[in-house]
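This briefing is intended to be read beside the sequence and the three-dimensional structure. Please keep both in view while working through the topics.

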Amino acid sequence: MDKPSTQTPRAEELRIETPARKRPGQHPASKRLTGPTVLAALAGVAAAAVVLSVAELIGAFFTARATPVIALGSTFIDFTPSWLKDFAIATFGTNDKVALFVGMAVTILLLACVLGIVAYRKWALGVAGVLLMGAVIVAAVVTRSGVKPLDAIPTVIGTVAGLIALRFLVTRLWRMRQWPDMDSDLSAKAPDRPVTSRRAFFAATGVTAAASAIAATGGRLLSAARSNVAQARESLQLPAAAKPAPAVPAGVQSMAPGVTPWVTPNNDFYRIDTALSVPEINAQDWELRVHGLVDREIRLSFQDLLDANLIESHVSLTCVSNPVGGNLAGNAKWLGMPIRDVLKMAGPQEGADMVLSTSIDGFSASTPLEALQDDRDAMLAFGMNDEALPLEHGYPVRMVVPGLYGFVSATKWVVDLEVTRFADSQAYWTQRGWSERGPIKTMARVEVPKSFAKVPSGRVAIGGTAWAQTRGITKVEVQIDNGPWTEAVLSTEASVVTWRQWSFDWEATPGPHYIKARATDGTGEVQTDQRADPVPDGASGWQSLMVTVE
Ligand SMILES: Nc1nc2c(c(=O)[nH]1)N[C@H]1C(S)=C(S)[C@@H](COP(=O)(O)O)O[C@H]1N2
Ligand SMILES: [Mo]
């Protein structure tokens, strides 16, 4: 590609010196589209692709969370104010990560364009810009939790490669002397350089882009090949529980067709976390450190867990970000070791009232010590619905604490339990404006018919799911328009830590109608109609939906 400056330009490169292209005063849009600024921006984008893809390729040999895109995204997530997180979840649901990646791609693209243009106009300034970007990425990488300083190597190599690519492309732009509006500064810069054609520039850019694509794909394949965590998970044999889950009674499923299955299959279980790349932990390497206000600091291996007195039970998890009527809740059968037993081994000291659990990627949750010791059977779970915990749900080990929203209890990829006090430490979301405690609020959800559905008149089955973990559901009532609150038929209750389904037969008459539902928990308390946003400690209010009967 590259030619020494003494070589005469090839014929194809001379072809561009046609009068049509040089005629002054003729500035058709097509010409401006391939003007120097646009091409310089393109060079910047190609160079950025080199930075990211080379880092991805080299990164296959380092911690996955340390690649530039993941580290930048994760850092962004950590600095996301709670209103924005709330907005992202409300707007994009569990696609919030896709939205983040799209936002990042646009930002990186714009920055790359600017840096390309700057480098073309003033190379030294461009270099400074690229190095600054590299430094920002390195900072994002090395400040990730559980990431080692050496994990900065992929970014450093990527940045150097990006600079070389940028130089390679920008040099070609400088050598193009046919710009009609080239300023004198630039003409002075390249008085005796050979002329390069647009075609040569595009070829160089194409080669750069193709090389990036190959590097990125290679990096992906290489990291997949090097990771055997997924395979190890597949082949894990779950031991039997000393206290198996009670058989699920008949009749837990709502009689209304279309209501969500009572047990949520693993693949359909909602996923909420701050992890942009799912942490991959080898069960053999996993260790749980229990420390803080304890008599004895202890360390637990995965084998210790397998050998423990295991319990198994159905527990429904709920996310604090779930809006009224939302679906950030699921019910599964969990297998694990009671956290009570772990704490007993360590011996919590007088004055402790909280356990701060931390995941390998730095997320943390503050759970009342009490909730981990009482008979609700909080556990360190490694089995979910008769399978090893899926990677996205915390493999190899997560916490499951009945009755508390996930953000203060359900730490996935958990590696550290610090026995402490609410007065002394704060968890991840508490530092971002959410509550320090999160008991689950009583909630009735209408699942059929759907909001704004058109239904035929006559008998219509209304149905859904209600929850108030650890208190249980004793009543669900339905109100049509402004009529009386009428009791729905409750499905069988499996336990107070699982959700409970319900159904209601409605004689529907033509026209628009409003359906409302509310639940009563085991303490006799009726679900509040006081509307509250998810921030800081969970949404409340009655779900109300409109349907049209035809
Ligand atoms: N490591 C880690 N664990 C985490 C989170 C997280 O961001 N990181 N999010 C919590 C929240 S807010 C919820 S609601 C539950 C969701 O668990 P699930 O994804 O298995 O449904 O995980 C909790 N555990
Ligand atoms: Mo959550």
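This is a predicted model: local features need pLDDT of at least 70, side-chain atom pairs count only at pLDDT 80 or more; totals for chains, interfaces and linings use all residues.

Residues are numbered from 1 along each chain as its sequence is written, chains are lettered from A and ligands numbered from 1 in the order in which they are written, and side-chain values use heavy atoms, with hydrogens and water left out. Helices (H or I, at least four residues) and strands (E, at least two) are DSSP runs, numbered from the N terminus.

**Packing of α4 against α7**

- Helix α4 (residues 36-59) packs on helix α7 (residues 96-121) at an angle of about 120 degrees, and the axes are 7 Å apart. The axes are lines fitted to C-alpha atoms, for helices over the stretch in contact, and angles run from 0 to 180 degrees between N-to-C directions.
- This angle makes α4 oblique to α7; angles under 35 degrees count as roughly parallel, over 145 as roughly antiparallel, 65 to 115 as roughly perpendicular and the rest as oblique.
- The contact (heavy atoms within 4.5 Å) involves P36, T37, A40, A41, G44, V45, A48 and L52 of α4, together with I108, L109, A112, C113, G116, I117, Y120 and R121 of α7.
- By class, the contact of α4 with α7 comprises 12 nonpolar, three polar and one charged residues. Ala, Val, Leu, Ile, Met, Phe, Trp, Tyr, Cys and Pro count as nonpolar, Asp, Glu, Lys and Arg as charged, and the others, Gly among them, as polar.

**Packing around α11**

- Helix α9 (residues 153-174) and α11 pack at an angle of about 170 degrees, with 9 Å between their axes. This makes α9 roughly antiparallel to α11.
- On the α9 side, A165, F168, L169, R172 and L173 meet F201, A204, T205 and T208 of α11. The residues of this contact divide into six nonpolar, two polar and one charged.
- S212 belongs to helix α11 (residues 198-226) and is buried, with a relative accessible area of 5%. Buried means under 20% relative accessible area, exposed over 50%, and partly exposed in between (1.4 Å probe, protein chains only).
- Leaving aside residues up to four places away in sequence, S212 touches A46, A49, V50 and S53.

**Enclosed elements**

- Helix α5 (residues 68-78) has eight of its 11 residues buried, so the helix is largely enclosed by the rest of the structure.
- The buried residues of α5 are P68, I70, A71, G73, S74, T75, I77 and D78. Their cover includes α4, α7, α8 (123-142) and α9.
- Strand β5 (residues 354-359) is mostly covered, with five of its six residues buried.

**Strand pairing**

- β5 pairs with strand β6 (residues 364-368) in the antiparallel sense over five bridges; two strands pair if DSSP finds at least two bridges between them. Here S357 stands opposite A365 in β6.
- The hairpin of β5 and β6 has four residues between the strands, and G362 takes a positive phi near 95 degrees in it.
- β5 also pairs with β10 in the antiparallel sense, over six bridges. T358 has D416 in β10 as its bridge partner.
- Five strands form an open sheet in the order β12-β19-β18-β14-β15, with mixed pairing. β12 and β15 stand at its edges, each with a single partner strand, so one side of each has no neighbour in the sheet.
- Strand β18 (residues 511-521) and strand β19 (residues 543-549) pair in the antiparallel sense over seven bridges. P512 stands opposite T548 in β19.

**Backbone geometry**

- Most residues other than glycine have a negative phi, and most peptide bonds are trans.
- The peptide bond joining Y395 and P396 is cis, with omega about 5 degrees. P396 lies in the loop between β8 (387-388) and β9 (398-400).
- A cis peptide bond also runs from V448 to P449, with omega near -5 degrees. P449 lies in the loop between β11 (443-448) and β12 (454-455).
- W413, a residue other than glycine, has a positive phi near 50 degrees. W413 is found in the loop between β9 and β10 (414-420) and counts as buried at 2% relative accessibility.
- D481 is not a glycine, yet has a positive phi of about 50 degrees. D481 lies in the loop between β14 (473-480) and β15 (486-487) and is partly exposed, with a relative accessible area of 29%.
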